[in-house]
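Me: I would like to learn how to read cavities, pockets and ligand contacts in a model. Please take them one at a time.

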Amino acid sequence: MSHFVYRNDLLYAELVPLDQIAKSVGTPTYVYSRAALEEHWQEFKIGLSKLDASIRYSVKSNSNLAVLALMARLGSGFDIVSGGELERVIRAGGQPEQTIFSGVAKSREEIERALSVGIFSINLESYAELIRITEVAQALNLTAPISVRVNPNIDAKTHPYISTGLEENKFGVNVDEAIAIFRHAVQQPHLKVVGIAVHIGSQMTSLEPVVEAIDRIIDLAEQLADENIWISHLDLGGGLGVRYRDEQPPTIAEYCNAVQTAMNRRNCQIAVSIEPGRSITANAGVLLSQVEYVKSTEKKQFAIVDGAMNDLIRPALYDAWMEIVPVQLKQTGSGVYDIVGPICESADFFGKQRTLAIEPGDLIAVHSAGAYGAVMASNYNTRPKPAEVLVDGDQFDQIRSRETFDEILGNESIPVKLLK
Ligand code: LLP
């Protein structure tokens, strides 16, 4: 019987068997390991211990309240991109003063809320946003701490959908525009210049782009210092890749080492933040699903499972390869299968041409599903969003109940005139 496992160069086993979780909570269900989440965070902490550095966990990769509470207990700060994520951080016991608000289009309400709760920094991404933040800060008679997100035009060498540091991407502003924004910002009584931010992409498997980005923002900080504009914080973003199949991403320790070396080489004493998401959560979670049917056509064999692209969209959206393993190892039912779900689209698959020994009723686990899994779930085909479970040694807690039809349908209504 396969226990809860995650892959990250080492194999870690929690003590609760996955079939026990499936029996108690049903499927599809995301299962996360507390030990794995904590270990990954601690690796960053240890790796950056020689720098004045803060880890701001990127909420978007896995925003379950329990996961955020766990991060808060470790002493983590947070990186958020919406008012909703800010509410999550607050309700999970996280500190707004340790939280960075990123994102290309913050609404007036989001800025108001962030300033009222004492956010550490709003990372603005355009001149227009600077104007809006200034107006809101003035109206509230507060000072807005701001950083400017720079788009350094560096190729993160990752999937185009998650590459964010190229000229053609919507993110950040170029260096010249950043300078103009800083010059303007220092004149504003309701703004406090905090720092420079950069985030060039996700699932990066090499360190060169990271180091290049650090160099560019240190260049900018030095240029600003020449004009008497003082930067007290460099936000290096997230983006460290993980192993899904046979990628060889740098380890967390190697990444931290590269950051430290880059800072030391430039003799830069400015405080830094990093915003890791995937590297903390991806390989701390699996999606558990049950085989409903096995179906053969002339060309293919399909294992149709009860999980679908609404539960985990990464294979459909990015053609992402995620490992799929049977929970019970057995000899019968071996074959080459496309693992597909019940949704009415051919994009509804978890994996193609996988050699597995499975039969109807068996459980499968999709590995590396702790990041950008549950958070990207939808109700497509009016399917309830999946349950989530946190395993902690020999115990487990359900940290999100399976959605009910009443919850899905509860905020829709039929105009009276259509009721006749
Ligand atoms: N900071 C900022 C400003 C970001 O935009 C992101 C991710 C992160 C930090 C965290 O990056 P990470 O350490 O997780 O790579 N849904 C896609 C990934 C989208 C990433 C968006 N930004 C996927 O499933 O691959």
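Me: How much space lies in the largest cavity?

Reply: On a 1 Å grid over the protein atoms alone, a cavity is a set of points where a 1.4 Å probe fits but cannot get out. Grid points are joined across faces, edges and corners, and a volume is the space filled by probe spheres set on the points. Here the largest cavity holds about 70 Å³, and the structure has one cavity of 30 Å³ or more. This is a predicted model, in which local features need pLDDT of at least 70 and side-chain atom pairs count only at pLDDT 80 or more, while totals for chains, interfaces and linings use all residues. Residues are numbered from 1 along each chain as its sequence is written, and side-chain values use heavy atoms, with hydrogens and water left out.

Me: Which residues line the largest cavity?

Reply: Lining residues have an atom within 4 Å of a point. Among them in this cavity are V198, H199, M204, L236 and Y255. Helix α8 (residues 208–226) gives the largest share, three residues; helices (H or I, at least four residues) and strands (E, at least two) are DSSP runs, numbered from the N terminus.

Me: What classes make up the lining of the largest cavity?

Reply: Ala, Val, Leu, Ile, Met, Phe, Trp, Tyr, Cys and Pro count as nonpolar, Asp, Glu, Lys and Arg as charged, and the others, Gly among them, as polar. This lining has eight nonpolar, two polar and no charged residues.

Me: How much space lies in the largest pocket?

Reply: A pocket is an open set of points with protein on both sides within 12 Å along at least five of seven lines. The largest pocket holds about 760 Å³. It is lined by 37 residues, with K60, T164, F171, H199 and Y372 the closest to its centre. The lining divides into 15 nonpolar, 11 polar and 11 charged residues.

Me: Where is the ligand, relative to the largest pocket?

Reply: A molecule sits in a pocket if more than half of its atoms lie within 2 Å of the pocket's grid points. The ligand takes up the space of the largest pocket.

Me: How many residues surround the ligand?

Reply: A residue is near a molecule if one of its heavy atoms lies within 4 Å of it. The ligand has 18 such residues, and the closest are S202, E275, R314, Y318 and Y372. By class, this shell has five nonpolar, seven polar and six charged residues.
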